[in-house]
Amino acid sequence: MLDQKGWIEYLVGLHAYWGYAGEACSERPHAKMNNGQHSGGFFDGRLVTRETSVCTTVCGDLLERLQQDGKVNPNSVWGSAMGAVVLAYELARQMNKQTGFTVKHVHDEGMSVGRFPVTEGEYILMVGDVLVTGTTTKNSIIALTANGAVVLPYILVLVNRSGLTEIEGRKIISLINRELPLWDEVECPYCKEGSKAVRPRENWAELNGVTV
Ligand SMILES: [Zn+2]
């Protein structure tokens, strides 16, 4: 089991995690997120979950952390589509449980139970790739509970960048727990120092100061 520093180094090596080095300045760009907000950090869960052996390792580590904290015995492990579908499957496989995923509404931030049915009284463990605001996880818990599930008191995530310690009363267990604030452009401290905002996936080398 790696500690937080070890996981950050590992994920930086995978090009899945980036954090702004030093004070904001015009020489180094910062990240523009999908929702238009700006940030000094980014985590791309796809680069972890696409690698099956890495996915096995991160889920094993999360499971170990969970077992150190308390004993839970879910019937199934769920995540939200699309980011956590693979993680929920792999964690469920390691626990020899069933799996499932929630899906986002088309027109609002609400979540629904997706492809798999929920049984009344089913004990569900939630897993996610990254917690940004926690809204998706919160709405997934609300949807599962409304369908009769009992959502267990832990949420496992690879990277908790939200600054939260719990969601809907469920404790967050993560490999990396580091708040990475989001800013509207007009309030962004990086923009104020002349740093350029770039979309991280398309500008990874520039963000990391690599000459291309
Ligand atoms: Zn900015």
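1. Donors are N, O and S atoms within 2.8 Å of the metal (3.2 Å for Na, K and Ca); water is not among the atoms, so sites may look incomplete. For the zinc ion here, the protein donors are His30 (NE2), His38 (ND1), Cys188 (SG) and Cys191 (SG), at 2.1 to 2.3 Å from it.

2. On the basis of the numbers: this is a predicted model, in which local features need pLDDT of at least 70, side-chain atom pairs count only at pLDDT 80 or more, and totals for chains, interfaces and linings use all residues. Residues are numbered from 1 along each chain as its sequence is written, and side-chain values use heavy atoms, with hydrogens and water left out.

3. The site of the zinc ion is tetrahedral, with angles of 99 to 121° among its 4 donor atoms. Four donors count as tetrahedral if all angles lie between 85 and 135 degrees. The ideal angle for four tetrahedral donors is 109.5 degrees.

4. Along the chain, the donors of the zinc ion have the spacing H-x7-H-x149-C-x2-C. His38 lies in strand 3 (residues 38-39) and Cys188 in the loop between strand 12 (182-183) and helix 6 (189-192), so the pair ties together parts that are 150 residues apart in sequence. Helices (H or I, at least four residues) and strands (E, at least two) are DSSP runs, numbered from the N terminus. His38 and Cys188 are both buried. Buried means under 20% relative accessible area, exposed over 50%, and partly exposed in between (1.4 Å probe, protein chains only).

5. Helix 3 (residues 52-69) has 18 residues, which at 1.5 Å a residue should span 26 Å; its end C-alpha atoms are 26 Å apart, which agrees. The expected span is 1.5 Å times one less than the number of residues.

6. Among the buried residues of helix 3 are Val54, Val58, Leu62 and Leu66. Residues three or four places apart in an α-helix point the same way, because there are 3.6 residues a turn. The buried residues of helix 3 pack against elements including helix 1, helix 4 and strand 9 (150-160); contact means heavy atoms within 4.5 Å.

7. Some backbone values deserve a check. Most residues other than glycine have a negative phi, and most peptide bonds are trans. His15, in the loop between helix 1 (4-13) and strand 1 (17-19), has a positive phi of about 65°; His15 is partly exposed, at 47% relative accessible area. Asn96 has a positive phi of about 55° and is exposed, at 70%. The peptide bond from Ala81 to Met82 is cis, with omega near 0°.

Methods: Four donors count as tetrahedral if all angles lie between 85 and 135 degrees; four count as square planar and six as octahedral if opposite donors are over 155 degrees apart and all others between 65 and 115; anything else is irregular.
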